[in-house]
Amino acid sequence: MTPAPLLPFPPGCRTARFIRREKRFFVIAELDGEIITAHTNNTGSMLGMLRPDAPVLLSPAANPKRKLAWTVEGIGQPGAMPGSFFWAGVNTSLPNRFLEAAFRAHLLPWTAGYDGFKREAVCGESRLDGLFTRSDASLPPLWVECKNVTLVEDGVAAFPDAVTARGEKHLGTLIRMVREGCRAAMLYLVQRPDGSCFGPAEYIDPAYAAAFYDAVARGVEVHAVVARVTEAGIFYDRTLPLAQKRKETPGSVMEP
């Protein structure tokens, strides 16, 4: 883990108690004995994470006039020891910011040699999270799409936690960029520490899993990085290998 947060949280973060989620973008929590509503930008299901009374890590809004004063950064998950927990980061705006910060800090070996970076780069009819370039054009453009991973099952960090046609479309775009002579990669930011490998959640979205393996076969790179979430911010931790794909059998899952 890096000695200082790559992405520090703003001063004034607090821990609240989770009560419930409402209308996808709202988390109801108790803070200092008061019931508050916090904003969450995570449109996924947060499958298995929203336990009653779980700790909720909140950051204060940058704009003091914003209607909701708090943003949900993490949800506490049960740790290995009784009564312990770890943070699972649920802020989906973090992965593309993490991509740039880790690149600037020389923590992504697969971006070595590139000296230019553009966030939210337009790619045909799509917009991808990052585009790496080399000023002397000695390296092909490297297009990157980032996804936030909050699901771990049987030691496998997995994406998505809900059906995602948009995610499948991004894989198709990356395949096209490889075909046109570029490099293309997926960065899966695993914002929890308990996964030993990474793979697509075929038990949730078989179509995405099929598109994922097709993309890998066609030259799209996959990089899974664990980000450790603390009250101070987001740290670079380690990379995860790709899970071994099991043979096609009913109800099968990936092996760690």
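Colleague: What should I keep in mind about numbering and confidence here?

Modeller: Residues are numbered from 1 along each chain as its sequence is written, and side-chain values use heavy atoms, with hydrogens and water left out. Because the model is predicted, local features need pLDDT of at least 70 and side-chain atom pairs count only at pLDDT 80 or more, whereas totals for chains, interfaces and linings use all residues.

Colleague: How much space lies in the largest pocket, and which residues are closest to its centre?

Modeller: A pocket is an open set of points on a 1 Å grid over the protein atoms alone, where a 1.4 Å probe fits, with protein on both sides within 12 Å along at least five of seven lines; lining residues have an atom within 4 Å of a point. Here the largest pocket holds about 730 Å³, and of its 28 lining residues T43, T92, K147, F159 and R166 are the closest to the centre.

Colleague: Which strand gives the largest share of that lining?

Modeller: Strands are DSSP runs of E, at least two residues long, numbered from the N terminus. Strand 10 gives the largest share, five residues, and spans 142–149.

Colleague: Which residue's side chain makes a polar contact with the side chain of N148?

Modeller: A polar contact is a pair of N or O atoms within 3.5 Å; within protein, one must be able to donate a hydrogen and the other to accept it, and residues adjacent in sequence count only if both atoms are side-chain atoms. The partner is Q191, at 2.5 Å, while the backbone oxygen of G89 lies 3.3 Å from a polar atom of the N148 side chain.

Note on methods: Points joined across faces, edges and corners; volume = space filled by probe spheres on them. Helix = DSSP H or I, 4+ residues; strand = E, 2+ residues; numbered from the N terminus.
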